[in-house]
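The sequence and the structure come first, and the description follows.

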Amino acid sequence: MFRYLVRRILWAILLFLIITFVTFVIFFMAPNDPARAQCGGEQARRACLVLVTEKLGLDKPITTQYAIFINKLLPLSLWNNEGEYEGPVVVKKPTLGKQYATGASLDDTIKQAAPVTASLVFGGAVLWMIIGLSVGIFSALRPRSLIDRAAMVFVLVGVSAHPVWIGLIFSYFFGVKWHITPIAGYANFFGAPEDTGLAGGPVQWAYHMILPWLTFAILFAASYARMIRANVMDTLGEDYVRTARAKGAPENVVIRRHVLRNALLPVVTMLGLDIGVALGGAIFTEAIFNLPGLGRLALNSVLNLDLPTMQGVIVFATLTIILLNLVVDLIYAWIDPRIRLA
């Protein structure tokens, strides 16, 4: 197990370096000039361009810019966060840098946007697992019944519809027509400052997230329902299930201990992968419901050609996905003892 963890960590570091460097190369090759944008566009003065270019480090080669960026993420280094040599190893605060457009700290910006996206993704994951498990298990236990046929219609709609369409339909009916939920906005779970006049607290947070969670969950719940149905039906035909029933084990015990434990193994693996996919797809749901999350932040950084912001979002998302996949692998080994023996 130790060798496996070391190997996974080394691969994770390599993947992180490749992803961030490719992003650097793409941005470097794009026809953009952040210094000109900060100095007033086409009418920018040359002195301002020279000063801002030097300040942002845009006059350095791409490999040097990338090395400075990686150095900022390290807690121990021979250089400070500006790339200046300090001699002995120095202890410093890791940082993602500052935005080109506003000069604001990316650490604070991502710290504000990450909880919004995390609320959307993990809340949606809980909901899609509840829906997917319920629909998939009941459909498998009652094949070709009315429940099974209705489940297949749900699966067809869920895998075919676009999140923008689903979100707009939900917003119209639940928000505009029936006035059950808000159609946009976000409420802080821990409460909003009193001087802002904004809604806050756990109740308002859940109230504002109901429609985004439903929109997010429908897309994945349909796929999970189909996969769980197929896995449960296959497992019901296994010899050990027939043996348990022949020994007189109660049906609920057979389903819980023998069927679900084995049928849900692929689901654990898919969950880790899909949460990573969900982080990338959150931009659609955040745009529909005006959520100030990482998706909208990434979109604005691309439109403004703001490399530090783009890199900050990629770093956060990459590290999150790597850690999630590592946790899923460990859970998979805990569920299935055969993995530990291998």
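## Terms and overall make-up

A residue is called buried when its relative accessible area is under 20%, exposed when that area is over 50%, and partly exposed in between, with a 1.4 Å probe and protein chains only. The model is predicted, and local features need pLDDT of at least 70, side-chain atom pairs count only at pLDDT 80 or more, while totals for chains, interfaces and linings use all residues. Residues are numbered from 1 along each chain as its sequence is written, and side-chain values use heavy atoms, with hydrogens and water left out.

The protein has 14 helices and 2 strands, where helices (H or I, at least four residues) and strands (E, at least two) are DSSP runs numbered from the N terminus. Of its 342 residues, 40% are buried. Contact here means heavy atoms within 4.5 Å, and among the contacts with a separation of 6 or more, 63% are between residues 24 or more positions apart.

## The nonpolar cores

A nonpolar core is a set of buried Ala, Val, Leu, Ile, Met, Phe, Trp, Tyr and Cys residues joined through side-chain atoms within 4.5 Å. The largest one holds 42 residues, of which Leu120, Trp128, Phe216, Phe220, Tyr224, Val232 and Val259 touch the most other members. At least two residues of this core come from each of helix H5 (106-141), helix H7 (163-177), H8, helix H9 (239-246), helix H10 (251-263) and helix H11 (265-288), and H8 gives the largest share, 15 residues. A second, separate core has 19 residues, including Tyr66, Phe69, Leu106 and Val315.

Setting aside residues up to four places away in sequence, Trp128 touches Val121, Phe216, Ala217, Phe220, Ala221, Tyr224, Leu271, Asp274, Ile275 and Ala278.

## Helices H9 and H10

The buried residues of H10 include Val253, Val254, Ile255, Val259, Leu260 and Ala263, and their cover includes H5, H8, H9 and H11.

H9 and H10 pack at an angle of about 165°, with their axes 10 Å apart; the axes are lines fitted to C-alpha atoms, for helices over the stretch in contact, and angles run from 0 to 180 degrees between N-to-C directions. H9 is therefore roughly antiparallel to H10, a description that applies to angles over 145 degrees. The contact is made by Tyr240, Val241, Ala244 and Arg245 of H9 together with Glu251, Val254, His258, Val259 and Asn262 of H10. By class, this contact has 5 nonpolar, 2 polar and 2 charged residues, with Ala, Val, Leu, Ile, Met, Phe, Trp, Tyr, Cys and Pro counted as nonpolar, Asp, Glu, Lys and Arg as charged, and the others, Gly among them, as polar.

Arg229 is placed in helix H8 (residues 202-236) and counts as buried because its relative accessibility is 19%. Apart from neighbours within four places in sequence, Arg229 is in contact with Gly136, Ser139, Ala140, Asp148 and Met152.

## Two loop residues with positive phi

Most residues other than glycine have a negative phi. His179, which is not a glycine, has a positive phi of about 55°; His179 lies in the loop between H7 and H8, and counts as exposed because its relative accessibility is 65%.

Asn290 is not a glycine either, and has a positive phi of about 55°. Asn290 lies in the loop between H11 and helix H12 (294-303), and with a relative accessible area of 42% Asn290 is partly exposed.

Notes:
Parallel < 35°, antiparallel > 145°, perpendicular 65-115°, else oblique.
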